[in-house]
Amino acid sequence: MGKYFGTDGFRGEANVKLTVEHAFKVGRFLGWYYGQDYKARIVIGKDTRRSSYMFEYALAAGLTASGADAFLLHVTTTPSVSYVVRTEDFDCGIMISASHNPYYDNGLKIISGSGKKIEAEIEEKIEAYIDGKIGELPLATGEKIGRTVDYIAGRNRYIGHLIALATRSFKNTKVGLDCSNGSASSIAKSVFDALGAKTYVIHNEPNGTNINDGCGSTHIEELQKFVIQKGLDVGFAYDGDADRCIAVDHMGRVIDGDLILYICGKYFKEEGKLTNNTIVTTIMSNLGLYKALDKAGIAYEKTAVGDKYVYANMCENGHCIGGEQSGHIIFSKYATTGDGILTSLIVMGVMMDKKMTLSQLASEVKIYPQLLKNIRVADKAAVRENAAVQAAVQKVTDVLGENGRILVRESGTEPVIRVMVEAETDEICEKYVNEVIDVIRTQGLA
């Protein structure tokens with residue numbers, strides 16, 4: 001990770017850690033970098049945060065000042081920006097979003113011309129420019145000044161792409177969607193309606209400050225209640241920029257990313273479409289998933305936390321499905337990033353083809369209780385290197401043996417240490433998570 005860019009772009013509180021000056025300079029650098037030999041074309045999308053409009057204009061000003069043309073998708077999803085970039089000959093794309101974070105945070109996700117997250121080398125150059133470590137960039141003049149283009153047609157083409165991917169009609173199926181008052185509000189319902197579903201939507205009235213506020217994939221209890229109250233067949237919840245999807249079955253039970261990986265992976269295997277007979281997971285995936293995959297004869301690989309690491313593994317080894325427990329699921333045949341709406345369509349396709357409920361499809365996986373607690377710290381590296389913390393973690397590892405595990409890792413976007421324990425009961429999880437957190441505190445690290 002760099003000074004400004006973490007595992008998922010440049011993220012922080014709007015006008016505190018991430019300012020309009022930062023956004024302007026990011027635009028200036030990208031417009032110059034891609035426009036040294038020709039006029040660059042860069043597409044911008046944003047989520048529904050109040051500050052997203054501010055950053056959109058700052059980026060556009062920087063891009064056009066450097067001579068690039070800025071194409072505005074307006075409110076849209078992160079995966080739609082990735083799709084438009086790679087299919088419509090753009091040099092790069094920028095998504096303005098802090099994903100599942102509160103409304104007062106925001107972020108800049110830069111997407112390469114191939115639809116992937118931008119290379120670390122380019123992020124390093126942007127940081128150097130922001131900090132004044134490289135010379136000032138030339139301003140475009142005269143006819144070389146760039147322009148902004150209203151490009152809502154790009155978002156509409158993405159919607160058409162999603163609809164075209166469905167292999168089954170959803171007629172007579174009652175589907176609930178929680179759009180998190182975010183990007184999915186402008187896309188998801190129209191897709192499901194077009195495919196014949198009886199679509200019921202909650203949290204699709206964004207006002208700039210209610211994104212992720214007690215709703216969406218990080219507050220799944222809202223969708224659970226809605227599915228039960230309305231007697232729906234299935235529900236899907238997205239996060240602020242709709243690159244995540246968490247599902248709910250007809251009984252209100254949560255079907256997280258691990259279960260989605262199992263359901264889709266097993267179906268792909270049955271259909272002869274599971275490349276290399278392998279699913280890519282992260283170290284956060286549940287032990288129950290691995291036991292179920294072993295039983296189904298499906299291999300798996302584990303990466304560091306972050307969908308960019310999952311996708312890197314998939315690209316390197318030619319795997320076709322991978323993702324995270326949090327709901328970032330990547331289907332490499334169709335996308336280069338996690339795509340919440342696409343994930344829900346593929347899950348729906350499995351349900352329709354197998355003529356089974358989501359509950360039945362997930363029943364073969366016994367999920368182990370898992371508890372994750374975050375603790376804010378002054379220095380993440382100091383926690384990682386502290387001998388007492390290391391000893392406490394090793395003690396828990398030894399006690400749990402093959403019946404559980406502990407994972408202590410640093411957040412890529414916040415001054416936070418995440419402590420996760422997986423074990424046979426909730427009580428065991430609680431006991432050992434608290435033990436390690438207590439050591440962090442007694443060592444004066446929190």
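S99 is found in the loop between strand 5 and strand 6, where helices (H or I, at least four residues) and strands (E, at least two) are DSSP runs numbered from the N terminus. The structure is a predicted model, in which local features need pLDDT of at least 70 and side-chain atom pairs count only at pLDDT 80 or more, while totals for chains, interfaces and linings use all residues. Residues are numbered from 1 along each chain as its sequence is written, and side-chain values use heavy atoms, with hydrogens and water left out.

Although S99 is not a glycine, its phi is positive, at about 55 degrees. Most residues other than glycine have a negative phi. With a relative accessible area of 1%, S99 is buried; buried means under 20% relative accessible area, exposed over 50%, and partly exposed in between, for a 1.4 Å probe and protein chains only. A positive phi, of about 65 degrees, is also found at N15, again not a glycine. N15 is placed in the loop between strand 2 (9-13) and helix 1 and counts as partly exposed because its relative accessibility is 43%.

K117 occupies the loop between strand 6 and helix 4 (120-130) and, at 27% relative accessibility, is partly exposed. Residues up to four places away in sequence aside, K117 touches T7, D8, I110, S112, D307 and K308, contact meaning heavy atoms within 4.5 Å.

Buried residues of helix 2 include S51, F55, L59 and L63. Their cover includes helix 1 (20-34), strand 3 (41-46), strand 4 (69-75), strand 5 (92-96), strand 6 (105-112) and strand 7 (148-150). After helix 2 comes G67, with a positive phi near 100 degrees.

Helix 3 (residues 78-87) and helix 5 (residues 152-165) pack with their axes 9 Å apart, at an angle of about 100 degrees. Helix 3 is therefore roughly perpendicular to helix 5. Axes are lines fitted to C-alpha atoms, for helices over the stretch in contact, and angles run from 0 to 180 degrees between N-to-C directions; those under 35 degrees count as roughly parallel, over 145 as roughly antiparallel, 65 to 115 as roughly perpendicular and the rest as oblique. At this packing site, P79, S80, Y83 and V84 of helix 3 meet G154, R157, Y158 and H161 of helix 5.

The largest nonpolar core has 64 residues, and those with the most contacts inside it are F192, F236 and Y238. Such a core is a set of buried Ala, Val, Leu, Ile, Met, Phe, Trp, Tyr and Cys residues joined through side-chain atoms within 4.5 Å. Beyond four places in sequence, the contacts of F192 include F170, L177, F236, Y238 and M348. Apart from this core lies another, of 32 residues, among them Y4, F29, F55 and I118.

In helix 9 (residues 287-296), the buried residues are L287, G288, L289, Y290, A292 and L293, which pack against helix 8 (257-270), strand 13 (278-282), strand 14 (299-303) and strand 19. The N-terminal end of helix 9 is capped by N286, with a side-chain oxygen 2.7 Å from the backbone nitrogen of G288. Helix 9 is followed by G297, which has a positive phi near 75 degrees. N286 also makes a side-chain polar contact of 3.1 Å with E422, a residue of strand 19 (residues 416-422). E422 is buried, its relative accessible area being 0%, and a further polar contact, of 2.5 Å, joins its side chain to that of Q370.

Definitions and conventions: A polar contact is a pair of N or O atoms within 3.5 Å; within protein, one must be able to donate a hydrogen and the other to accept it, and residues adjacent in sequence count only if both atoms are side-chain atoms.
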